[in-house]
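User: Please take a close look at the surroundings of the ligand. Then set that part against the rest of the chain.

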Amino acid sequence: MMNDKLTIDPWGSAQSTDYSKIIEQFGLSSLDNLVIPNPSRLQRRGIIFAHRELDTILEASRKGDPFGVLTGLMPSGKMHLGHSMVIDQVKWFQEAGGDVTIAVADLESNATRGVSLEEGRRIAKQEYVAYYAALGLNPENTTVYFQSERNIVQKLGFQLGKRTNLSELEAIYGFDGSTNLAHVQAPLVQAGDILHPQLDEYGGLRPIVVPVGVDQDPHLRLTRGLASKTNWFNVTQAKMGLQIGVSIQEDNRKVMGIEPNGRVNKDVRKNIFSQVVQSISSLGFSDIISNPKHGTVNIPSATLRDKGSIKMALLRLERSMGGLGLLSPSSTYHRFAVGMTGDKMSSSKPKTTLFLSDNSETAEKKIKKSFSGGQATIEEHRRLGGDPDKDVAFQYMMYFFEEDDAFLAELNQSYRSGKILAGEMKQMCIDRACEWLSNLSELKDQTSHLVDNFFQ
Ligand code: TRP
């Protein structure tokens, strides 16, 4: 049924909060089924609620293998609480052993929001990266770059553009004939952002995880599709075990032994297949059945758990043969904290959020006026209880300011039962928020000398 289908518009102002529907429709995996060592506050509280192939990243971290984290920021307006959530996650992956790359989407911001490149640069540095340092991101293994300055990102975007078309973009983003072409280009550049850290000049082949708000998932769907379309070898489940197939494409026909007249050169083909077998021979399978004529290699004893390591070996082989060898990115998705007015949080509407630069007075005012989950009168509140799921003060303690899970659970319970009043909840949130903000502002001063290191 067409009408039941959600589309996610990354540039739109509407936001779906039907998270289970999003998981189902877009094929995300729920985070509930994954055991995460030392889960972060956002993971423990279900705020990060879904992922794609996060297992690959956790496995790399567990083994001490290299992996990367990539995310991006749109330089427009000031950094607010919502933006800090991504940095929390980046920090968590950094502490788990990941190297960090952050894209400043100055091209996207210029094209879709009219922010000049110079202004984008200033905003990124003063409004965002200054707070990244204050929030504890380590500049030692973090690189922040500008889309407009990394040619490879644009080049990759251009190359990948060959693997998609307007119909696919229409299906993913809901575009139509009146769509501005900047909105067609931006996702391709973003695909370049996401995939380029795997290139040899930027750290080489390794899994990359992209922590984002769920509004960015269309870009990940597109990017994952593009990456897999470039792959020269694919791994699928067979009746018995796993099967490797070959993908003949315009740019690998010659290497794969297709002659100009369309015939297959048997010697070349044989050689390719022996290289495939060779590339996975060290993985310890008892039986590898190569069938160059069919164009397949079968590994009867391989299970889905082996898919990742086989894939990596084949991507390495592809690179040695001249291909891009791109691994599909992993991703995690977080829920959005409700805006303070009850609507969506937005940097262009200061009343909907706390900016990281807000002082105590401003924070107090905004929280006092914030949307409450309390009842109209005290008498009713005591009798019926409040709704912590709608109460901004409670929600912000949960998302941002309160570390202690047990205390938070107690607050939730007491609010629901009417023991804690809406005003009391707000006061608690004000106290925590003011402490958090003034602490952050001190840290910002203390870490300001680090800001330039993020750009090197
Ligand atoms: N489009 C993102 C936004 O609107 C910014 C961005 C650009 C990004 N490149 C990225 C996010 C790569 C994640 C990964 O905020």
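Analyst: Starting with Gln 216, an N or O atom of its side chain is 3.0 Å from a nitrogen atom of the ligand. This is a polar contact, that is, a pair of N or O atoms within 3.5 Å; within protein, one must be able to donate a hydrogen and the other to accept it, and residues adjacent in sequence count only if both atoms are side-chain atoms. Gln 190 places a polar side-chain atom 2.8 Å from a ligand nitrogen, and for Glu 108 the distance from a side-chain N or O atom to a nitrogen of the ligand is 2.9 Å. On its own the ligand has 370 Å² of accessible area, of which the protein covers 90% (Shrake-Rupley method, 1.4 Å probe; for residues, only the protein chains shown count as cover).

The model is predicted: local features need pLDDT of at least 70, side-chain atom pairs count only at pLDDT 80 or more, and totals for chains, interfaces and linings use all residues. Residues are numbered from 1 along each chain as its sequence is written, and side-chain values use heavy atoms, with hydrogens and water left out.

The residues around the ligand are Leu 70, Thr 71, Gly 72, Met 74, Ala 105, Glu 108, Gln 190, Asp 193, Ile 194, Val 210, Val 212 and Gln 216, each with a heavy atom within 4 Å of the ligand. Six of the shell residues are nonpolar, four polar and two charged; here Ala, Val, Leu, Ile, Met, Phe, Trp, Tyr, Cys and Pro count as nonpolar, Asp, Glu, Lys and Arg as charged, and the others, Gly among them, as polar. At least two shell residues each come from strand 3 (68-73), helix 9 (182-195) and strand 6 (208-213). Helices (H or I, at least four residues) and strands (E, at least two) are DSSP runs numbered from the N terminus.

Now the rest of the chain. The protein is divided into domain 1 (19-230 + 328-334), domain 2 (233-320) and domain 3 (350-454), with bounds from an automatic or database domain assignment. Between the C-alpha centres of domain 2 and domain 3 the distance is 55 Å.

Arg 45 sits in the loop between helix 2 (41-44) and strand 2 (48-52), and its side chain reaches the backbone oxygen of Met 398 at 2.8 Å. Arg 45 is buried at 15% relative accessibility, where buried means under 20%, exposed over 50% and partly exposed in between (1.4 Å probe, protein chains only).

Asn 38, between strand 1 (29-30) and helix 2, has a positive phi of about 45° and is exposed at 67%. Glu 53, between strand 2 and helix 3 (54-63), has a phi near 50° and is partly exposed at 37%.

Met 321, in the loop between helix 12 (307-320) and strand 11 (330-334), is buried at 14%. Its C-alpha atom is 9.6 Å from that of Ile 272, 49 residues away along the chain.

Finally, the cysteines. The whole structure has zero disulfides, a disulfide being a pair of cysteine sulfur atoms within 2.5 Å. The sulfur of Cys 429 has its closest cysteine sulfur in Cys 434, at 8.9 Å, which is too far for a bond. Cys 429 is buried at 1% relative accessibility, and Cys 434 is buried at 14%.
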